[in-house]
Amino acid sequence: MNGTFNIYMAGVGGQGIGLLAELLARAADHAGLSLRGCDTHGLAQRGGMVTSHLRLGVAYSPLIPDGQADLVIALERTEALRSARSMLKEGGAVIWYDATWQALDVRTGANPPVAADDVRKAAESKGAAAHPVRRDDLPDTRMQNVAVVAEALRLALIPGIELDHVKAAMSDLMAGPGLETNLALLG
Amino acid sequence: MKDMGRMLVRREAFSELAIGNTAIVRAMVEAGVRVVTSYPGSPTPEIAEAIKSIAPDERPFYFEFSTNEKVATEVAFGAAINGRLSVAFFKSVGLNVAADSFVQLPLMDIGGGMVIILGDDPGANSSQNEQDNRHYAKLSYCPLLEPASAQEAYDMFKKAASLARELRTAVILRLTTHVCHAKEKLRFDAWEPATPDDTPRFDPDSSSFIPIAASVFPMKRRALERLADIEKRLPSLGLDTLVDNGNGERGIVVAGLPFASVMDALELCPPGARRPDILKLGAVYPFDRALVRSFLESHAEVKVIEELDPILEGDFKALAYDLGLHCRIIGKKDIDETMGECTPGKARAILAAAWPDLFPPEPETAAGIGETDKAPPPRPAQMCPGCGHRSAFYAIKKALRPDDITVADIGCHTLGHLPPYRMGRVLLSMGHSTSTASGLALMNDSRRVVCFIGDSTFFHAGLPGITNAVYNGHRVLLIVMENGTTAMTGHQDHPGTGRNFSGVTEKLSVRAALEGLGVKNIREVDTYKQQELTGMVGEALDEPGFKVIIARHPCMLKFTREARRKPGWSARRVMIDLSICTQNHECIERFACPTFQRTEDGTIMVNADLCIGDGSCRQTCPVQAIVPDA
């Protein structure tokens, strides 16, 4: 790989961004890529934003500069929109699990809900591809993170990372029936 | 599945992906640390999680969560003057709590050596300020090292420990949030466990440990001489790095994570352009004056890049003035350079402000990008579904008049200040609430004063303020928001939980502590009993003197996680019976559990991914439209 491939991950506290980030970092390591990454959560695990940075190839800081993400992976629609606007690079791609966890202002009626089309438009304005993911066959809602990874692999959105790398990473992180179910979801 | 705990005590050298906080624990193992103490606070709790991953009988050192950072420092100090290499770690503002004892450490002869690990938080990601704790190093004459990456955190901890042991002192290892959490493939050395010598070696006759009056001065002199000694050793310690780009005109001095940001920013220089040389300091206090002098002498201009305060900048300018150097030292240009994290983007802006020709002009942002499309609504942190604090704030608010005053403290319940509750409107620090409330109640007969505190904070720093309120008879209502854990930082135990880090222990009762301090007026209630709580608050507010309500409900995040693991667990949820619902929106706008979602036509739905079926919302619906989802 030439240069740096930046993956920015975003979701809401409780959705499993930490596991998603660890899975991809370990997959990159199994693929022989050098990497730097960083979870950013702070107070955010209480239903606030959780984001994670992963930089493959040559990078010094673990943080991706604004507007330099080659790929945005989000686990929630509002956070997909937020990340596509602030972090996505021109010509990049955004893939998101199309769940909606409404922000406070939407619930109180102060702001209108975000539509999937809003994410598409934000991506289009940067000449970036937009891939919503939604599956009705998940045995557990906490597997939405792995469902997005499966789709990102199918679309070959991460150069250098193949299915086998992610499976090896998953075996580093899980065991027992949980591992089996998640491996099956990867395909 | 990889077992992190096993890896941390592996004998052979190895490489592994890990974050800075985990790397530090391997460094503790290799360095022969015997005692480690802490109070939980972001960005450092993962250090304790890594320690916990090591099986208790494999852990080569003792660890405890102490009741607060000052206590943690003192426990580590006591062990260290008895000959054990000791570590205390906590977050940035934790050093304020520890300060009274911490500032004495450099005066002491600490036979075992001591490392203080600070998790500073530039950007205030999870703290009430972004204070620059390098000031404390200068204030107390305590040496300070600053790593820029997870690998350096590991390497520098070992150097800090060896320096501390050799010079019989305390050394600060200053981490920042994104060094603590930075992830990379780390190289760990081999570890040969040695049989520890645990002879109690405290010897009060070898050196004074009592800094009173005239005896302070030899102790202070020794601290200052030790700093000079350390500075002489710096060239051989390999803590500082020179990136030589062959540039005699321009140089940069930087330390910590901003070094990585500068390196990323310089990648944006045009091909073939001469990049500035970089002097990266690992030893920040004391710094190697001879090295800095030679860097200043060999460059026409030097930009000092410091996250937060201009500490090195002032020292460098003084040095250059004293030596009559002609180097132009470029410091901070504006207030913004003193604020926030020095990210790669910010480093680029700072460098461009110093040297406008360094980078090609930024491309004009194409019209419309990120501007004309829809902005997402903000997403502040909030209380979880089923949180007992939500029921408490909803119920307490009903008993208050609009101009009554509510005082927050630190914990998950701080989030009560957000809409729609707006409860707890002033915050200073851990445990401040009762005393701030006491002041608010003085010469004030018209606006009643209510303050909050969590159970971990109650034991951490709450007791002196409560004692004062009893002693001086302040007319305040304190509501203890007891959820049975230290929730905000990841569910650590505290003296009231019946467990410490090592196992089961006696559970200290909040009520018994209050009674012991002489509090006479105490009520207790489960916060899910909202009407009862509203009634109690109304009654208590009309009573004289200091009153306490213990408003209790277990942390439902912790409770639900534990319940899921038990056999026979099945998900519970509520639903809105649309045939009854009148769309009065009490559930979504005033109780405001995040489970409730609004649809375009104003109908309220329950988000099945979020609802835990606790049912605390059901009593808030005036028409009883919230029903169990069978």
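Guide: Domain bounds come from an automatic or database domain assignment. For chain B of this predicted model, the assignment gives domain 1 (4-237), domain 2 (241-354), domain 3 (388-562) and domain 4 (570-630).

Visitor: How far apart are the C-alpha centres of domain 1 and domain 3 of chain B?
Guide: Those centres lie 33 Å apart. The contact takes 12 residues from domain 1 of chain B and 14 residues from domain 3 of chain B. On the domain 1 side, strand β3 (residues 62-65) of chain B provides the largest share, three residues.

Visitor: Why are α6(A) and α7(A) called roughly antiparallel?
Guide: Helix α6 (residues 163-173) and helix α7 (residues 176-186) of chain A pack at an angle of about 170°. Angles over 145 degrees count as roughly antiparallel, and therefore the name applies to α6(A) and α7(A). Among the residues that meet there are A:Leu163 and A:Met170 in α6(A), and A:Leu179 and A:Leu186 in α7(A). By class, this contact has six nonpolar, two polar and one charged residues.

Visitor: What makes β2(A) and β8(B) a pair of strands?
Guide: Two strands pair if there are at least two bridges between them. Two bridges join β2(A) to strand β8 (residues 182-188) of chain B, and the strands run antiparallel. Here A:Gly37 stands opposite B:Lys183.

Visitor: How many residues of each chain are in contact with the other chain?
Guide: 51 residues of chain A are in contact with 47 residues of chain B. On the chain A side, β2(A) gives the most, with six residues.

Conventions: Residues numbered from 1 in each chain as written. Chains lettered and ligands numbered in written order. Predicted model: local features only at pLDDT ≥ 70, side-chain atom pairs only at ≥ 80, totals over all residues. Axes fitted to C-alpha atoms, helices over the stretch in contact; angles between N-to-C directions. Helix = DSSP H or I, 4+ residues; strand = E, 2+ residues; numbered from the N terminus. Parallel < 35°, antiparallel > 145°, perpendicular 65-115°, else oblique. Contact = placed C-beta atoms within 7 Å. Nonpolar A, V, L, I, M, F, W, Y, C, P; charged D, E, K, R; others polar.
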